[in-house]
Amino acid sequence: MKNKTTLLNVVVTAMVLLPIGLLGKAKDEQPKGADKKPNIIVMMADDLNSGELSCYGGQNLRTKHIDALASQGLKFDQMICSEAMCIPTRASLFTGLYPMHHGAFQNHKPVFTGLKSVCQYLGEQDYTVALTGKNHVTKPFPFEFIKGFEPNCVSATDDYELEDIRNFISDKKESPFCLFVMSINPHAPWTVGDPSEFDPAKVVLPPHLVDTRQVRDEYCKYLAEVRRLDDQVGDMMALLKETGLEDNTIFIFLGEQGPQFPGGKWTLWDNGQKSSMIVKWPGTVKPNTVTNAIVQYEDVTPTLVDIADGKSIAGLDGLSFLEVLKGKKSEHRDFAFGIHNNIPEGK
């Protein structure tokens, strides 16, 4: 009887030890960096009529690179900016606050002093937060600035180079980064690209625009910059793939607010406030999907913090839409908030 008990103990011990040993071996053999927090690239347009993107129904050009991003990610059909001007929208993006709360409720008004931003919030989660390109409303916030894209939105050229961006991404293989790539396209003066690609007589104008030859000519110049924007998105997607970090990087495209045409920027109409957002997140976001969830720019920073496993930040107006990204929810906000003012800039 004693021998049987001893044999049983040996068998049970072996049964317990074998799975533990195998699990330990499997854990040891996981790829290096498998549990690393995802990198984040946020690429933003400047004064974009999102309805010109072919994946959003545009008829004037095929935005093949942005369409490709949409085929790999989640397209938001109800992305709304709170105030259809560049500085208020970008300040809301960086702070998670409504314009009246961050202070930049005029187009060239600075944010209130002492505000924290996505730089500090993600920095607390060991992210390096950097920015290249248009640098509006960035002065108070501790971004690492990277050479690459043109910072001046009214520049007559939009020349850019990717080498410094490539070096930044490659140097961050052991720690997560969040890189904001801020294009100046298609912001006026509409001097880049090739307008001759478009026939003024065949261009499909937004229905609220006055249909004249001058408007059609100007709109061709605008579309040429939308083409340039699409090419820039394609270059950034290709660069990310080259670095080998594509599978662990979230790529977010944002349209900012509407165009600098009547009824667009500086209005509370759809052509001013309604924007675009596409999120590609390999392994988490279901490819080629669309959501009608109402989301605003104030929601982006809380969502990034949520993705980085940070704690919810008290006092923000934005709300994390992580559950929408994961496909666990189809709704987010009950309504969108919007303001506008005609106070002269600088007053």
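**Helix packing**

I began with H2 and H7, which are oblique to each other. The model is a predicted one. I read an angle of about 55° between helix H2 (residues 64–71) and helix H7 (residues 213–243), with their axes 7 Å apart. Next I listed who makes the contact. H2 contributes Lys64, His65, Ile66 and Leu69. From H7 come Asp230, Asp231, Val233, Gly234 and Met237.

**Whole chain**

I then stepped back to the totals. I noted 10 helices and 9 strands in the protein chain. How much of the chain is buried? Of its 347 residues, 53% are. I also looked up contact range. Taking contacts between residues at least 6 apart in sequence, I found that 72% join residues at least 24 apart.

**Aromatic pairs**

How many aromatic pairs does the structure hold? I have 14 in the notebook. I looked up Phe76 and Phe321, an edge-to-face pair with 5.5 Å centre to centre and 65° between the planes. Phe76 sits in strand S2 (residues 74–80), while Phe321 lies in the loop between helix H9 (300–307) and helix H10 (322–325). The two are 245 residues apart, and the pair links distant parts of the chain. Are these rings buried or exposed? Phe76 is buried, at a relative accessible area of 0%. Phe321 is buried too, at 4%.

I went on to Phe94 and Phe180. They are also edge-to-face, with 5.4 Å centre to centre and 85° between the planes. Phe94 belongs to helix H3 (residues 86–95) and Phe180 to strand S5 (residues 177–182). This pair, too, links distant parts of the chain, across 86 residues. I marked both Phe94 and Phe180 as buried.

The charged end of Lys75 sits over the ring of Tyr56, 4.4 Å from its centre.

**Cysteines**

How many disulfides are there? I count 0. I checked Cys86, whose nearest cysteine sulfur is that of Cys153, 6.0 Å away. Cys86 is in no disulfide. Cys86 is buried, with a relative accessible area of 2%. I also looked up Cys55, which counts as buried at 18% relative accessibility. The cut-off is under 20%, so 18% passes.

Last, I went through the backbone. Most residues other than glycine have a negative phi, and most peptide bonds are trans, so I noted the exceptions.

The peptide bond from Asn185 to Pro186 is cis, with omega near 0°. I placed Pro186 in the loop between S5 and H7.

Trp190 is also in the loop between S5 and H7. I read its phi as near 55°, a positive value in a residue other than glycine. Is Trp190 buried or exposed? At 10% relative accessibility, Trp190 counts as buried.

Asp126 has a positive phi as well, near 70°. I found Asp126 in the loop between helix H5 (118–123) and strand S3 (128–133). Asp126 is exposed, with a relative accessible area of 60%.

Technical notes: Residues numbered from 1 in each chain as written. Predicted model: local features only at pLDDT ≥ 70, side-chain atom pairs only at ≥ 80, totals over all residues. Heavy atoms only, no water. Phe/Tyr/Trp six-rings, centres within 6.5 Å; stacked < 30°, edge-to-face > 60°. Helix = DSSP H or I, 4+ residues; strand = E, 2+ residues; numbered from the N terminus. Buried < 20%, exposed > 50% of the residue type's maximum accessible area, 1.4 Å probe, protein only. Lys NZ or Arg CZ within 6 Å of the ring centre and 35° of its normal. Disulfide = S-S within 2.5 Å. Axes fitted to C-alpha atoms, helices over the stretch in contact; angles between N-to-C directions. Parallel < 35°, antiparallel > 145°, perpendicular 65-115°, else oblique. Contact = heavy atoms within 4.5 Å.
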